[in-house]
Amino acid sequence: QVFLVESGGGSVQAGGSLRLSCAASGRLSTVNVMGWYRQTPGSLRDLVAVIEDDGTTRYTDSVKGRFTVSRDSAKTRVYLQMNNLKPEDTAVYYCNAHHPIIWGADYWGQGTQVTVSS
């Protein structure tokens with residue numbers, strides 16, 4: 001089992017910045033991809049940015065150049081630095097940790113609200 005707790009959400013004006021943090025604990029050796037997804041009411045939960053054990057990162061196109069995902073070497077913290085925020089970034093952001101091969105190794109935090117006003 002892996003436990004994830006997000007922090008750092010809030011309200012900001014367009015053009016501002018926020019940094020999300022995710023504290024991870026438990027059997028971290030069973031996951032090798034960690035990152036962030038977001039969801040708005042009535043929509044599916046979408047990938048924002050993830051980082052793999054080898055440091056490879058992936059971003060959804062709409063945040064490239066504005067958001068940066070990172071983590072510590074022990075995988076106990078995952079961060080999402082969000083710059084130049086836009087109203088369309090408003091969503092609940094979820095921390096995720098998973099392994100694409102190990103069945104059942106897919107874990108989520110409780111989510112943190114990010115609201116960007118114009």
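The link between Cys-22 and Cys-95 is left-handed, with -85 degrees about the S-S bond. It is a disulfide, meaning a pair of cysteine sulfur atoms within 2.5 Å. The S to S distance between Cys-22 and Cys-95 is 2.1 Å. The model is a predicted one: local features need pLDDT of at least 70, side-chain atom pairs count only at pLDDT 80 or more, and totals for chains, interfaces and linings use all residues. Residues are numbered from 1 along each chain as its sequence is written, and side-chain values use heavy atoms, with hydrogens and water left out.

**The disulfide**

- The count comes to one disulfide.
- Cys-22 lies in strand β3 (residues 18-26) and Cys-95 in strand β9 (residues 91-98), so the bond ties together parts that are 73 residues apart in sequence.
- Strands (E, at least two residues) and helices (H or I, at least four) are DSSP runs, numbered from the N terminus.
- Cys-22 is buried, at a relative accessible area of 0%.
- Cys-95 is buried too, with a value of 0%.
- Buried means under 20% relative accessible area, exposed means over 50%, and partly exposed is in between (1.4 Å probe, protein chains only).

**Salt bridges**

- The count comes to six salt bridges.
- A salt bridge is a side-chain nitrogen of Lys or Arg within 4 Å of a carboxyl oxygen of Asp or Glu.
- Asp-89 pairs with Arg-66 in one of them, and their closest N and O atoms are 2.8 Å apart.
- Shared partners join Arg-38, Arg-66 and Asp-89 into one network of salt bridges.
- Lys-75 forms a salt bridge with Asp-53, with the closest N and O atoms 3.5 Å apart.
- That pair links distant parts of the chain, 22 residues apart: Asp-53 is in the loop between β5 (46-52) and β6, and Lys-75 in the loop between β7 and β8.
- Asp-53 is partly exposed, at 41% relative accessibility.
- Arg-58 and Glu-52 form another salt bridge, their closest N and O atoms being 3.7 Å apart.
- Arg-58 is partly exposed, with a relative accessible area of 40%, and Glu-52 is partly exposed at 24%.

**Positive phi angles**

- Most residues other than glycine have a negative phi.
- Lys-75 is not a glycine, yet its phi is positive, at about 65 degrees.
- Lys-75 sits in the loop between β7 (67-71) and β8 (77-82), and is buried at 11% relative accessibility.
- Asn-84 also is not a glycine and has a positive phi, of about 50 degrees.
- Asn-84 sits in the loop between β8 and β9, and is partly exposed, with a relative accessible area of 42%.

**Two threonines**

- Thr-112 is in strand β11 (residues 112-117) and is buried, at 13% relative accessibility.
- The side chain of Thr-112 reaches the backbone nitrogen of Gly-9 at 3.3 Å.
- Thr-112 touches residues including Glu-6, Gly-9, Leu-20 and Tyr-93, not counting residues up to four places away in sequence.
- Contact means heavy atoms within 4.5 Å.
- Thr-60 is in the loop between β6 (57-59) and β7 and is partly exposed, at 25% relative accessibility.
- Thr-60 touches Leu-47 and Val-48, not counting residues up to four places away in sequence.
- The C-alpha atoms of Thr-60 and Leu-47 are separated by 6.5 Å, and the two residues are 13 residues apart along the chain.

Technical notes: A polar contact is a pair of N or O atoms within 3.5 Å; within protein, one must be able to donate a hydrogen and the other to accept it, and residues adjacent in sequence count only if both atoms are side-chain atoms.
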